[in-house]
Amino acid sequence: MTDATPFRFEDTYARAVPALSLPWEAATAPDPVVRLLNADVAGELGVDPEALREPEGARLLTGTVPDGVTTYAQAYSGHQFGMYSPRLGDGRAVLLGEVIDAAGRRRDLHLKGSGRTPFARGGDGKAVLGPMLREYVMGEAMHALGIPTTRALAVTTTGEQVFRDGRMLPGAVLARVASSHLRVGTFQFAAATGGPPLVRDLADHAIARHHPGAADASNPYLDLFARVVRAQAELVARWMLVGFVHGVMNTDNMTISGETIDYGPCAFVDAADPAAVFSSIDHGGRYAYGQQPAVAQWNLARLAETLLPLVDTDEQAAVEAATGVLTAFAPAYDEAVSRGMAAKLGVAPGESTRALVTDLLPLLAEGRVDHTGFFRALAAGDARTLFPAGLTDRFDAWAARREALLRGGGTDGESVAAAMNRVNPVYIPRNHRVEEALEAAVGGDLDPVQRLVDAVSHPFDERPEYADLAGPAPADAMPHVTYCGT
Ligand code: AMP
Ligand code: MG
């Protein structure tokens, strides 16, 4: 037990849908030490980061809470690689509680790697340092890129060694904040175990928490679905624009809020290949870079199925209404990509820009041109050098069409370049740099990961001291694979 916490925890989720979580305590960490602490997130939560570094803080960040605080393991189901698992849930995680942050927003404070729970199935309930740091780095990068995401508050080693992938590795707990942990899989669990009354309670909680405007709609549950569809279309479009591959888009890893969640075998592409896969277990490429919009839509159809009885008592009418909403995913996604691509290219959105993008993407893929580097080079006027000799003519023709659009826009070149550089990052967490940094951290040196976090936290500001973090992996580097033993 600890004496106090700097947080005032609330538990609206556990009260709203008691059937969807179990009170559960984290395992006690024998020797908790905070390894990485996010002062920015601590500030948002209104707590002193230095206090969290103290032994008392480290105990709290591994789940040792004062008397009177109840922590919970949340229940959910999920389609994993298309196969339905009726009972997943927090197998190695607990919800410490909900915190009202300094801006008045309700945030979940959640721990991952905090020991076995009744949902652990065969798992050991643990997490190890590398993957928890990966989640920290990726979340910070996404946040700094303006992409909705959960964020790490801290990574704390437990003092235990944990067996993973044939090695003993330092055990660790990730403390993260999320606007909630409501997942598509939460709705699936509710539908399967409690039917429409439980789904209704959950949907009401989701509306109050994330999509309050839906409460005023003539059909609130259909409108909730429409809002989740729009949020996910926007989110996946943002992933595609920066070249992010989530890697495990199971329905239990998709939020109702529209935040990115559960960074496992995820990565940013160097060259934007639609078939790019980084997960060692994704043999069929189900969650490849180019598959993500289709998978999001598939997952949203699973969410719709749980909501049907609330949408209309007539099943046929409910299916028609939900299908109508789901068909809005594609145009919403296309619109978000077009808008984002126009900004990346420094041109106004419109039909000509769409055609420009349609012709650019295969050209980049064919030339295996670095996705992130291309847009910065385009602003600097030296993108041509990134193309192999056989493709420079095609690039020149494409660039001339873009030039014509720029002239039509009437803005001067310098301000176009400046605007492009505000949306096109210099620094993303490149696979090979992430791997290096995590390996160093496991060996006891946290400096590289701290440095990487610093670079990706200000992704648009070119800084000479981080030049080594800007480029793609050397062409002869081993293809990167992230193993699922997270
Ligand atoms: P993830 O792949 O991290 O999204 O997890 C999928 C499911 O497996 C969730 O229900 C997790 O709680 C559970 N899980 C993953 N790793 C472990 C572990 N080491 N021990 C217990 N449960 C786990
Ligand atoms: Mg998960």
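1. Basis. In this predicted model, local features need pLDDT of at least 70 and side-chain atom pairs count only at pLDDT 80 or more, while totals for chains, interfaces and linings use all residues. Residues are numbered from 1 along each chain as written, chains are lettered from A and ligands numbered from 1 in written order, and side-chain values use heavy atoms, without hydrogens and water.

2. Magnesium site. Asn253 (OD1) and Asp262 (OD) coordinate the magnesium ion (ligand 2) at 2.0 to 2.2 Å. Donors are N, O and S atoms within 2.8 Å of the metal (3.2 Å for Na, K and Ca); water is not among the atoms, so the site may look incomplete. Asparagine 253 counts as buried because its relative accessibility is 13%, and aspartate 262 because its value is 11% (buried: under 20% relative accessible area, 1.4 Å probe, protein chains only).

3. Helix H15. Residues 431-442 form this twelve-residue helix (a DSSP run of H or I, at least four residues, numbered from the N terminus). Its first and last C-alpha lie 16 Å apart, close to the 16 Å expected at 1.5 Å a residue (1.5 Å times one less than the number of residues). Buried residues include Val434 and Leu438. The buried residues of H15 pack against helix H5 (129-144), strand S11 (267-268) and helix H16 (447-457) (contact: heavy atoms within 4.5 Å; strand: a DSSP run of E, at least two residues). Just after H15, glycine 444 has a positive phi of about 105°.

Notes: Buried < 20%, exposed > 50% of the residue type's maximum accessible area, 1.4 Å probe, protein only.
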